[in-house]
Amino acid sequence: MGSAEALPSAAFTLALASLPDVGPARLLALADVHGPRRAWDDVLAGRAHTGPVGSLMTPDPGGLARRWARAASAIDVAALWTRHLAAGVGVADRSDDSYPAVLAEDPHGPALLIWQGDLQALNGPRVAVVGTRDCTNAGREFASALGRDLSEAGVCVVSGLALGIDGAAHAGALSTGRARPIAVVGSGLDVIYPRRHADLWDRVAADGVVLSEHPLGTEPVGWHFLARNRIIAMLADVVVVVESHERGGSLQTATQAAQRGRVVLAVPGSVQSAASRGTNALLADAGVCCGVEDVLAVVGMVAPQVVERDRRPRPQGTDAVVLAGLEAEPCSTETLMIRTGLPLAEVAMALDHLETAGWIVRRGAWAERVGSSSEQSSL
Amino acid sequence: MAPTLATVASATLLGVDGHPVTVEVHASGGIPAFTIVGQPDAACREARDRVRAAIQSSGLKWETCRYTVNLAPTGMRKAGAGLDLAIAVGILAATDQVSAGDIGRVGFVGELGLDGSVRKVPGVLSLVDALQTPSVVVPRACAVEAQLVARHEVRAVGGLAELVGCLRGEQPWPDLPAADEAPVLEPDGLDFDQVHGQPFARGALEVAAAGGHHVLMVGPPGAGKTMLAQRLPGVLPDLNGPDALDATRIHSAAGVRLPAGGLVRRPPFRAPHHSASMAALIGGGSARLQPGEISLAHAGVLFLDELAEFPTFVLDSLRQPLEEGVVRVARADAKVSLPARFLLVGAMNPCPCGMRSSPDSCRCTDHRLARYCRRVSGPLLDRFDLRIDVQRADPLDLLQSAAAESSAEIGARVSVARSVAASRGVRCNAELSPAALDRWAPLTREAAAVLEGALRGGKLSARGLHRVRRVARTVADLRGSDGAITESDASCALVLRSEPSFLVARMAS
């Protein structure tokens, strides 16, 4: 036990977080009252339920305390701590000086914070750009452009590294290198999820910081992402929801942010787009974001001037008719045939022309409009 | 008694082919017995009881002696009850109730009932075809089918007593049921004019019918995939002579009811449920090696609804017949090859939740979606020349009273396109070899540019290129052009072979 005395309290918080069935609320209750060191002793002795966390240990406090004691006896606190230090990640609990002030102010701030990259990235204005994984191409382009423009203006982009909107926002922010990106993830920092974003993850960690409240090796579980959303809401000065389905997780980020008095902005979308149903509904309570100016106005900044010019050749004849039939949301060939009244051969040829010229992109059997060519190049 | 021997010509069925069998009956004194040798299966061995009862109830005499029946050649397994009649006639000849001279030039096919009636058996067309005798006796119910071979004098009888009377010359042979020369085809009530809207799906199926291209329809529940597929045979041309005969042989061998006139003249439509076993789909079974669904769909349409629900190994077993047009089924003691050249129509939901009709409306988890994608293997997906998304029809189109184009109008264009393909030496464009493509489907410069763009963009593989060119050829044929493939033909073919929606991944950034 001699070496255990030398360990910082974060090591014990880490050990507590490694116990089974410990969520953010139980961890906070365990660590907050008498400190993690004493909480760990209680857990080892199997009397955790007698402390203040007991009320959170329903339905069977005694049973859970025994399970914790059993699990705790198998955990070597010192080894766990060394393993995290060796992995090159930073670990802090709420008593540490390095623990960010913005999270310390919040009563629901994570009891344990593990990061990869530089925690100094949290300094400065921060805007969260979040949205659905099942986004439209238009939504993705908007998120990417917004990430880029915010970063250009020196604003840190906070997001969740998920597929779709989240990833697009980070990719856009990374393209300028002006402000440092911040990512909050729902798994251990060595469990990269989604795998397809492994590269993006590394770039965010290199330029900015990737945060997690889970020990290394934690698998991503559904509720982790909801808990992750609350940290995004705490970190951001402004939350922008780009696209969200009727019952999307990003709406929950917006709710969490609103509860903390942060400004929530939503990007309006077509009433026919399923991916904009949640954001359109959110507009009743949130502000409107139609571009980077709307966000910068909230944080009291002015957008840098960007000159854009569309170099794409104007479509002619049937190509123009088909393009007019297309909207920002994905559209099938059949719908286009009905909208334009043109036969399949002409629609097919026009789609090829438009795709070559950069007016549309195609995914499988669907076609959708793209914005200007400059936005396309940043993807 | 002195031993006597009688031989009678008959045939047995293996797969869809008939094989001649000589039934030898040896009657001698000794302990009374009745044995059948020469690899009879259970149904065939039970002929002993049926034959004895039939002879007794037909007012004929059952001599108490020792009968040995040999079915030659002995190396082949004999299945079913089709040899009953030949065995009975052999016994009657061996006991001098009919003369050997009367049966020497006649083949016999039929199953016996205990009351002496002669019942129909499957595969009469192939069985009669295998017989080399100048005349054949078949059950009355099979008379029309037996006459399709047109090489024999066909006699149709209803019972054993009647047959013996005719063989002895005591009564004339009964008249044959008249075969209708041009029977009226019963309309099945399925017509494309009942499909409102859906111009894309209708166009795609027209191309499929005209070029014989396999087609995969992906769409949400209720989009009308089954409705469209059921109407596809209606626009295919009538079967030509050899195809009709093959289809009839298969249907007869499988015991499927034949249309009036005996000959299968319309392309068959088969839609097995996804719980179908490998043997039911491909063909086989332990004794008779019956044709499966893919053979029953020969020269017609095989519709696999809910494609992703079929077991993966069953689907993958379709790959070889799809390439070769025949399926070779082998068992320990028999090998048969069954014709199986069909137009494959697959239908499936775009994802487990069924809502992936556009990329942003599906709410399936990554994991479920990935599992769903794996259910249909890449090589099988590759064999679909046409891969289309079917959407629910526009409600306005559904309510519209104006009738859509009918099957007859579409069928006329399909027939023309098929005859153009026939002039190139193939049944349909889907069978054009790469060499034939170079000869019959040259590309204009613009069309080549379109295909080159798709190849460069990674949307098209080298093998996919040939398939797209075949489809483009069909599109041009339907347009009435016999010349080079134009830009619009190539674009059209590419749109008709888009990546199935369930493979379109969520966007990574």
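Guide: What follows is a conversation about a predicted model, taken from the overall chain to its sheets, a helix and the contacts between parts.

Visitor: What makes up chain A, and what box does chain A fill?
Guide: Chain A holds 18 helices and twelve strands, and its C-alpha atoms fill a box of roughly 85 × 40 × 40 Å along the principal axes. Of its 379 residues, 52% are buried, and among its contacts with a separation of 6 or more, 71% are between residues 24 or more positions apart.

Visitor: Why is the sheet in chain A called open, and which are its edge strands?
Guide: The nine strands follow the order 1-2-6-5-4-3-7-8-9, with mixed pairing. Strand 1 (90–93) and strand 9 (287–288) of chain A each pair on one side only, and these are the edge strands; the sheet is accordingly described as open.

Visitor: Why is helix 17 of chain A described as largely enclosed?
Guide: A residue is buried if 20 or more other C-beta atoms lie within 10 Å of its own. Ten of the 14 residues of helix 17 of chain A are buried, so this helix is largely enclosed by the rest of the structure; the buried residues include L344(A), D352(A) and H353(A). From first C-alpha to last, helix 17 of chain A reaches 20 Å, close to the 20 Å expected at 1.5 Å a residue, and just after the helix G358(A) takes a positive phi of about 85 degrees.

Visitor: What makes up the contact between chain A and chain B?
Guide: Contact is judged by C-beta atoms lying within 7 Å, and 34 residues of chain A are in contact with 30 residues of chain B. Helix 17 of chain A gives the largest share of chain A's side, eight residues, and that side divides into 17 nonpolar, nine polar and eight charged residues.

Visitor: How is chain B divided, and how many residues of its domains are in contact?
Guide: Chain B is divided into domain 1 (4–168) and domain 2 (192–429), whose C-alpha centres lie 40 Å apart. Between them, 17 residues of domain 1 of chain B are in contact with 19 residues of domain 2 of chain B, and helix 5 of chain B gives the most to the domain 1 side, with three residues.

Visitor: How do you know that both faces of strand 18 of chain B are covered?
Guide: In a regular strand, side chains alternate between the two faces of the sheet. In strand 18 (386–389) of chain B, L386(B) and I388(B) on one side and R387(B) and D389(B) on the other are all buried, and both faces are covered. Strand 18 of chain B also pairs with strand 10 (215–218) of chain B in the parallel sense over four bridges, with V215(B) opposite L386(B).

Technical notes:
Residues are numbered from 1 along each chain as its sequence is written. Chains are lettered from A and ligands numbered from 1 in the order in which they are written. This is a predicted model: local features need pLDDT of at least 70, side-chain atom pairs count only at pLDDT 80 or more; totals for chains, interfaces and linings use all residues. Two residues are in contact if their C-beta atoms, placed from the backbone, lie within 7 Å. Helices (H or I, at least four residues) and strands (E, at least two) are DSSP runs, numbered from the N terminus. Ala, Val, Leu, Ile, Met, Phe, Trp, Tyr, Cys and Pro count as nonpolar, Asp, Glu, Lys and Arg as charged, and the others, Gly among them, as polar. Domain bounds come from an automatic or database domain assignment. Two strands pair if DSSP finds at least two bridges between them. A residue is buried if 20 or more other C-beta atoms lie within 10 Å of its own, exposed if 12 or fewer, and partly exposed in between; C-beta atoms are placed from the backbone. The expected span of a helix is 1.5 Å times one less than its number of residues.
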